[in-house]
Amino acid sequence: MTTPAHSPVRPLDSIDTAIVRLLRLDGRASVRSVAEQVHISRANAYGRINRLLEDGVIRGFSARVDHERAGQGASAYITLKIVQDTWRTVRAKLEQLPGAAHIALVSGDFDVLLLVHTADNRALRELVLTRLQAIPEVLSTRTLLVFEETDLLPGGEPG
């Protein structure tokens with residue numbers, strides 16, 4: 001679900017914040033379990049979770065994946081310099097890349113930060129040299145190999 005860009009942002013109270021934290025830890029938690037842990041009724045928890053979804057606070061539920069065990073043994077952050085005012089076009093093309101996991105428009109020495117997961121370095125090289133550098137709006141790339149990574153859960157605990 002998406003929230004219209006012009007919708008006002010509602011501040012989260014302590015119960016909403018606790019619900020979001022619990023669901024980040026375990027997206028498969030039952031409404032009953034969430035309600036018990038934040039000390040509210042199931043109906044209240046159900047209503048709050050639905051509102052958080054409708055408001056776009058919770059964008060969806062997903063699994064934390066060990067990319068190496070899933071056959072994606074090579075990961076890299078790739079920085080891109082792009083032609084000015086082409087962000088939307090570039091983003092649409094990057095979203096179609098196999099293995100693209102995160103795309104961010106950033107400030108600084110480069111314009112875009114892209115996280116990718118590929119089967120191996122050969123596939124990574126192919127992605128960078130054939131797919132990325134073929135995008136006309138991409139002026140340059142720099143690839144930073146990931147040697148080890150740790151997903152952090154809410155509160156900074158390792159996942």
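Reader: Is aspartate 13 buried, partly exposed or exposed, and at what relative accessibility?
Author: Aspartate 13 counts as partly exposed, at 34% relative accessibility. Buried means under 20% relative accessible area, exposed over 50%, and partly exposed in between, with a 1.4 Å probe and protein chains only.

Reader: What kind of model is this, and what are the ground rules?
Author: This is a predicted model: local features need pLDDT of at least 70, side-chain atom pairs count only at pLDDT 80 or more, and totals for chains, interfaces and linings use all residues. Residues are numbered from 1 along each chain as its sequence is written, and side-chain values use heavy atoms, with hydrogens and water left out.

Reader: Back to aspartate 13. Which side chain does it meet in a salt bridge?
Author: That of arginine 48, at 3.0 Å from N to O. A salt bridge here is a side-chain nitrogen of Lys or Arg within 4 Å of a carboxyl oxygen of Asp or Glu.

Reader: Arginine 48, buried or exposed?
Author: Buried, at 15% relative accessibility.

Reader: How many salt bridges turn up in the whole structure?
Author: Seven. One of them joins the side chains of aspartate 16 and arginine 51, at 2.8 Å from N to O. Aspartate 16 lies in helix 1 and arginine 51 in helix 3, so this pair also ties together parts that are 35 residues apart in sequence. Both aspartate 16 and arginine 51 are buried.

Reader: Which residues are joined into one network?
Author: Arg10, Asp13, Asp16, Arg48, Arg51 and Asp55, through salt bridges that share partners.

Reader: What about aspartate 55 and arginine 10?
Author: Their side chains meet in a salt bridge of 2.8 Å, N to O. This pair links distant parts of the chain, 45 residues apart: aspartate 55 is in the loop between helix 3 and strand 1, and arginine 10 is in the segment before helix 1. Aspartate 55 is partly exposed, with a relative accessible area of 24%. Arginine 10 is partly exposed as well, at 45%.

Reader: Switching to helix 1. How many residues, and what reach?
Author: Helix 1 covers residues 14-25, which is twelve residues, and spans 17 Å from its first C-alpha to its last, close to the 16 Å expected at 1.5 Å a residue. The expected span is 1.5 Å times one less than the number of residues.

Reader: Which of its residues are buried?
Author: Asp16, Ile19, Val20, Leu22 and Leu23. They are on the same side of helix 1 because they cover an arc of only 165 degrees around the axis. The arc is taken over the directions from the helix axis to the C-beta atoms.

Reader: And what sits on the face turned away from that side?
Author: The exposed residues Ser14 and Arg24.

Reader: What covers the buried residues of helix 1?
Author: The cover includes helix 2 (31-38) and helix 3 (42-54).

Reader: What happens at the start of helix 1?
Author: A side-chain oxygen of aspartate 13 comes to within 3.1 Å of the backbone nitrogen of isoleucine 15.

Reader: Which residues of helix 2 are buried?
Author: Val34, Ala35 and Val38. Seen down the axis, the buried residues of helix 2 fall within an arc of 100 degrees, so they line one face. Those residues pack against helix 1 and helix 3. Just after helix 2, histidine 39 takes a positive phi of about 65 degrees.

Reader: On to strand 1. Why call it largely enclosed?
Author: Because seven of the nine residues of strand 1 (residues 74-82) are buried.

Reader: Which strands does it run against?
Author: Strand 1 runs antiparallel to strand 3 (residues 112-118), joined by seven bridges. Strand 4 (residues 138-146) is also antiparallel to strand 1, with eight bridges. Two strands pair if DSSP finds at least two bridges between them. Tyrosine 77 has leucine 115 in strand 3 as its bridge partner, and isoleucine 82 stands opposite valine 138 in strand 4.

Reader: What is serine 75 in contact with?
Author: Leaving aside neighbours within four places in sequence, serine 75 is in contact (heavy atoms within 4.5 Å) with Val116, His117, Leu144, Leu145, Val146 and Glu149. Serine 75 counts as buried, at 6% relative accessibility.

Technical notes. Helix = DSSP H or I, 4+ residues; strand = E, 2+ residues; numbered from the N terminus. Polar contact = N/O pair within 3.5 Å; in protein donor to acceptor, adjacent residues only side chain to side chain.
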